[in-house]
Amino acid sequence: MRIIYLSFGSCRLGYNRTSPGEHLKNICIIYEVVQPDSDTKSAVAGPDIWYRDGLRFECQQCGMCCSVSGVVFVTGSEIRRISRYLGMREEIFEKAYVKELDGRLTLGERDDGGCLLLDPVTRSCKAYTVRPQQCSSFPFWPELLKNQVAWNRESTLCPGMNKGRLWEIREIKKKMLKE
Ligand code: SF4
């Protein structure tokens, strides 16, 4: 299931877009990939699927997507995995990095909106190899795959899209539907 939130003021998201208008600057769009539903199925199936020849994506490690205010949902198993990776006790990690939002757990943010797991100096994720599924499945999100316009629009924000490694359709499906 895909949920898109429009948030005013304190921004929550997977990926944030700010408006140039001052009064609109805290509007953001939030994506959440929870489980496959009809949107997902329509993005991954069908003979007319627009990315049948695959898509290019290779993260450039620019850190841009992690530097903007947003919401990254984390599960209990992801918290366990990340805290182990960082060599922290789970409860210590949770206290320092996790917050609750509408009854769900999310990664916390710095004052500037960046993800707490983003190293502000190197601009890389401190837990990249064990990052949450929401992060690792980007940009193969149903809402970005639903058509080429959505994909290309996102590529203006992410320099890794349409660049580097070619992901075959079977790999994209696997990424989308993982977990
Ligand atoms: S290249 Fe894209 S996915 Fe990688 S860090 Fe930059 S914005 Fe994020």
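Among the 22 residues of the largest nonpolar core, those that touch the most other members are Val-72, Leu-107, Cys-115, Leu-117, Trp-141 and Leu-145; such a core is a set of buried Ala, Val, Leu, Ile, Met, Phe, Trp, Tyr and Cys residues joined through C-beta atoms within 7 Å. Strand E3, helix H2 (64–67) and helix H6 (142–145) are the elements that give two or more residues to this core, where helices (H or I, at least four residues) and strands (E, at least two) are DSSP runs numbered from the N terminus. A residue counts as buried if 20 or more other C-beta atoms, placed from the backbone, lie within 10 Å of its own, as exposed if 12 or fewer do, and as partly exposed in between. This is a predicted model, in which local features need pLDDT of at least 70 and side-chain atom pairs count only at pLDDT 80 or more, while totals for chains, interfaces and linings use all residues. Residues are numbered from 1 along each chain as its sequence is written.

Helix H3 (residues 76–85) has Glu-78, Ile-82 and Ser-83 as buried residues. These three lie on the same side of H3 because they cover an arc of only 125° around the axis, the arc being that of the directions from the helix axis to the C-beta atoms. The buried residues of H3 pack against helix H4 (90–97), with contact taken as C-beta atoms, placed from the backbone, within 7 Å, whereas Gly-76 and Ser-77 are exposed on the other side of H3.

The ligand has a shell that includes Cys-59, Cys-62, Cys-65, Phe-138 and Cys-158, a residue being near a molecule if its C-beta atom, placed from the backbone, lies within 6 Å of it. The shell divides into seven nonpolar, four polar and no charged residues; Ala, Val, Leu, Ile, Met, Phe, Trp, Tyr, Cys and Pro count as nonpolar, Asp, Glu, Lys and Arg as charged, and the others, Gly among them, as polar. Phe-138 is joined to Pro-139 by a cis peptide bond with omega of about 5°, and Pro-139 lies in the loop between helix H5 (133–136) and H6.

Most residues other than glycine have a negative phi, and most peptide bonds are trans. Asp-102, although not a glycine, has a positive phi of about 50°; it sits in the loop between strand E4 (98–101) and strand E5 (104–107) and is exposed, with 8 other C-beta atoms within 10 Å. Arg-123, with a positive phi near 60°, lies in the loop between E5 and H5.

How values were computed: Two residues are in contact if their C-beta atoms, placed from the backbone, lie within 7 Å.
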